[in-house]
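Thanks, everyone. Let's look at the model together, rings first, then the annotated sites.

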Amino acid sequence: MHSTSTIVLNSDALRSNIEFIRSRLGENVRLSSVVKGNAYGHGIEAMVPMIEKCGVDHFSVFSADEAHRVHKVISGECTILVMGEVYNHNVEWLIEQGIEFFVFDVERAGVALDAAKKVGKPALIHIEIETGMNRTGFNRNELELLVDLIVKNRQYLKPQGLCTHYAGAESIANYVRVQKQIKSFNKTYAWLKKHGVTPALRHTACSAAAIAYPKTHMDMVRVGILQYGYWPSKEVFIDYLGKLKTEVKTDPLRRVITWTSYVMAVKVVRAGEFIGYGTSYLAQQDMVIATIPVGYAHGYSRALSNQGLVLINGRRASVIGTVNMNMMMVDITDVTGVSKGTEVTLIGGHEETAISVASFGELSNQLNYELLTRLPRDIPRITE
Ligand SMILES: *Cc1c(COP(=O)(O)O)cnc(C)c1O
């Protein structure tokens with residue numbers, strides 16, 4: 001199939017990120033690699049085998065179909081955990097395959113129990129509890145019903161985990177809220193134990209919590225964004241640097257993804273002409289522009305109209321006019337040696353000219369990681 005752009009995934013960068021993450025964890029803390037959102041846009045099919053090669057044997061996804069995709073590409077003994085939505089008709093398949101899943105209400109527990117009886121295998125459930133995010137999770141009174149169900153059906157309902165999610169561990173503004181969540185979590189764990197239910201693994205931390213709040217590590221952490229080479233926020237990065245005891249303070253993370261396309265056409269535009277649709281860009285001087293066969297249909301956000309930057313021959317070039325469905329134009333007036341076919345870097349590159357992605361879309365970083373997760377699945381992924 002023809003594609004006008006290519007995604008290259010760097011396995012050395014990935015390995016080094018995973019080593020960094022491991023270096024922050026105690027020896028007995030398990031690492032679950034979060035590969036939801038098509039591995040944050042990098043591509044499940046390409047990323048999961050690479051991550052597995054780095055020695056990771058636990059993967060967390062959002063849905064049963066993502067679990068299915070991970071299941072297809074892993075080669076060794078790995079645990080797959082569904083953290084989000086599961087349709088009732090998928091539960092039997094999950095149980096048959098030994099895939100674990102979050103249970104956040106009694107109804108889901110009931111579905112799991114029925115399916116486990118039907119399949120003749122236990123449902124490996126992770127009890128998600130409400131600790132203050134107010135999204136999904138058991139409140140204490142519902143937990144009593146769950147405990148009752150588990151105690152009466154131990155051969156079918158196996159609590160593999162107890163978990164929660166923090167409401168903004170990436171910002172110091174939420175410090176008190178996060179501390180409260182940790183306390184509430186520990187209290188509920190003790191309460192469950194007292195009532196005869198002892199989940200095997202306690203896990204609460206995402207990337208931000210894993211870096212900023214070591215006491216959230218418990219038995220396992222669920223790390224997404226760090227693996228791909230991005231900090232969850234600037235605050236978390238600064239917090240990390242601040243706690244470093246070494247003289248030299250550098251960013252240990254390396255971006256895994258590079259997204260490239262090429263120049264499709266080059267054209268000279270006279271001063272006073274509008275470029276592209278409408279009147280959003282007026283040439284103030286004679287200009288040379290290059291057209292790139294990538295637009296919003298290929299995942300290059302329209303929000304980058306007159307904003308985005310790309311790299312050509314090591315120089316930054318600005319996106320001019322609106323990003324079209326399948327094309328965009330960039331200003332190459334000051335870039336030499338550009339012709340049809342010249343490579344264009346949309347994400348990636350080196351050092352100060354690199355086109356980087358910031359998780360929280362700071363303006364200085366041009367691209368938001370929402371853009372990553374929207375990268376189409378049909379762009380070929382090459383691993384190196
Ligand atoms: C996405 C997600 C994570 C990972 O978050 P990162 O910030 O990318 O590390 C962990 N836990 C849950 C429940 C999630 O939804």
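Start with the rule for ring pairs. Rings of Phe, Tyr and Trp (its six-membered ring) pair if their centres lie within 6.5 Å; planes under 30 degrees apart are stacked, over 60 edge-to-face, and the rest tilted. By that rule, this structure holds 7 aromatic pairs.

Take phenylalanine 20 and tyrosine 240. Their centres are 5.3 Å apart, with 90° between the planes, and the pair is edge-to-face. It links distant parts of the chain: phenylalanine 20 is in helix 1 (residues 11-23), tyrosine 240 in helix 10 (residues 234-243), and 220 residues separate them. Helices (H or I, at least four residues) and strands (E, at least two) are DSSP runs, numbered from the N terminus. Both phenylalanine 20 and tyrosine 240 are buried. Buried is under 20% relative accessible area, exposed over 50%, partly exposed in between (1.4 Å probe, protein chains only).

Next pair: tryptophan 259 and tyrosine 300. The centres are 6.2 Å apart and the planes at 40°, so this one is tilted. Tryptophan 259 lies in strand 10 (residues 257-262), and tyrosine 300 in the loop between strand 12 (287-292) and strand 13 (309-312), so the pair ties together parts 41 residues apart in sequence. Tryptophan 259 and tyrosine 300 are both buried.

There is also a cluster: ring pairs link Phe20, Trp231, Phe237 and Tyr240.

A word on the source. This is a predicted model: local features need pLDDT of at least 70, side-chain atom pairs count only at pLDDT 80 or more, and totals for chains, interfaces and linings use all residues. Residues are numbered from 1 along each chain as its sequence is written, and side-chain values use heavy atoms, leaving out hydrogens and water.

Now the annotation. Which residues does UniProt list for "active site"? The unreviewed entry gives Lys36 and Tyr277. Positions follow the numbering used here, feature names are shortened, and annotations may be inferred rather than shown by experiment. The two are spread over 242 residues of sequence, and in space up to 36.0 Å between C-alpha atoms.

Lysine 36 lies in helix 2 (residues 36-40). At 32% relative accessibility, lysine 36 counts as partly exposed. Beyond neighbours within four places in sequence, its contacts (heavy atoms within 4.5 Å) are Ser60, Val61, Phe62, Glu66 and Met83.

Tyrosine 277 sits in the loop between strand 11 (265-269) and strand 12. Is tyrosine 277 buried or exposed? Exposed, with a relative accessible area of 60%. Leaving aside neighbours within four places in sequence, tyrosine 277 is in contact with Thr322 and Asn324.
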